[in-house]
Amino acid sequence: MFTNMTGCTIYEKTVLNRSPTYVRHVTGHIYWQPSEGQAGGKDREAQDEAYVCIPAASTDYLPKPDDKIYKGIVRDEQPPQGSHTIMKVKDLRYGSPKVQHIELTVR
């Protein structure tokens, strides 16, 4: 599977005492493809998104919507500035082990 980055940091969102907290997960090699959105009018903001493909062998954690993801590996326990929010998750960990992966849409 083609990758273009050495990894990323995923922050699993949990709730502790009614307050959001995060559990840090680090992945191995990933593919990250940014895309710039276009605004559809004066009152709308551009929706910049990215497609992220994580080979199944690169992680043992299945991300979920509302988790945070940071492009690159960082040691911060809380999501740093510039983190993206995971919007969609597709679990494609079936079939040939060489092509099993997880697809994310992040914003």
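In which sense do E6 and strand E7 pair, and over how many bridges? E6 and strand E7 (residues 101–106) pair in the antiparallel sense, over six bridges. The model is predicted. Its strands E2, E1, E5, E6, E7, E4 and E3 form, in that order, an open sheet of seven strands with antiparallel pairing. The structure also holds four salt bridges and zero disulfides.

**Sheet layout**

- The order of the open sheet is E2-E1-E5-E6-E7-E4-E3.
- Strand E2 (19–26) and strand E3 (31–35) stand at the edges; each has a single partner strand, so one side of each lacks a neighbour in the sheet.
- On average, neighbouring strands of this sheet are turned by 30° against each other, direction ignored.

**Strand pairs**

- Strand E1 (residues 8–16) pairs with E5 in the antiparallel sense over four bridges, and Tyr11 stands opposite Lys68 in E5.
- Strand E5 (residues 68–71) pairs with strand E6 (residues 84–92) in the antiparallel sense over two bridges. Here Ile69 has His84 in E6 as its bridge partner.

- Glu12 and Lys64 meet through their side chains in a salt bridge (3.5 Å, N to O). The pair links distant parts of the chain, 52 residues apart: Glu12 is in strand E1, and Lys64 is in the loop between strand E4 (49–55) and E5.
- Glu12 counts as buried because its relative accessibility is 19%, under the 20% cut-off. Lys64, with a relative accessible area of 32%, is partly exposed.
- Glu12 and Lys64 also belong to a network of salt bridges that includes Asp67.
- Arg107 and Glu49 meet through their side chains in a salt bridge (2.5 Å, N to O). This pair, too, links distant parts of the chain, with Arg107 in the segment after E7 and Glu49 in strand E4, 58 residues apart.
- Arg107 counts as partly exposed at 36% relative accessibility, and Glu49 counts as partly exposed at 26%.

**Salt bridge between Arg93 and Asp91**

- The side chains of Arg93 and Asp91 meet in a salt bridge (2.7 Å, N to O).
- Arg93 counts as partly exposed at 35% relative accessibility, and Asp91 is partly exposed with a relative accessible area of 36%.

**Cysteines**

- The structure holds zero disulfides.
- Cys8 counts as buried at 0% relative accessibility.
- Cys53 is buried as well, with a relative accessible area of 6%.

Note on methods
Residues are numbered from 1 along each chain as its sequence is written. This is a predicted model: local features need pLDDT of at least 70, side-chain atom pairs count only at pLDDT 80 or more; totals for chains, interfaces and linings use all residues. Side-chain values use heavy atoms; hydrogens and water are left out. Two strands pair if DSSP finds at least two bridges between them. Axes are lines fitted to C-alpha atoms, for helices over the stretch in contact, and angles run from 0 to 180 degrees between N-to-C directions. A disulfide is a pair of cysteine sulfur atoms within 2.5 Å. Buried means under 20% relative accessible area, exposed over 50%, partly exposed in between (1.4 Å probe, protein chains only).
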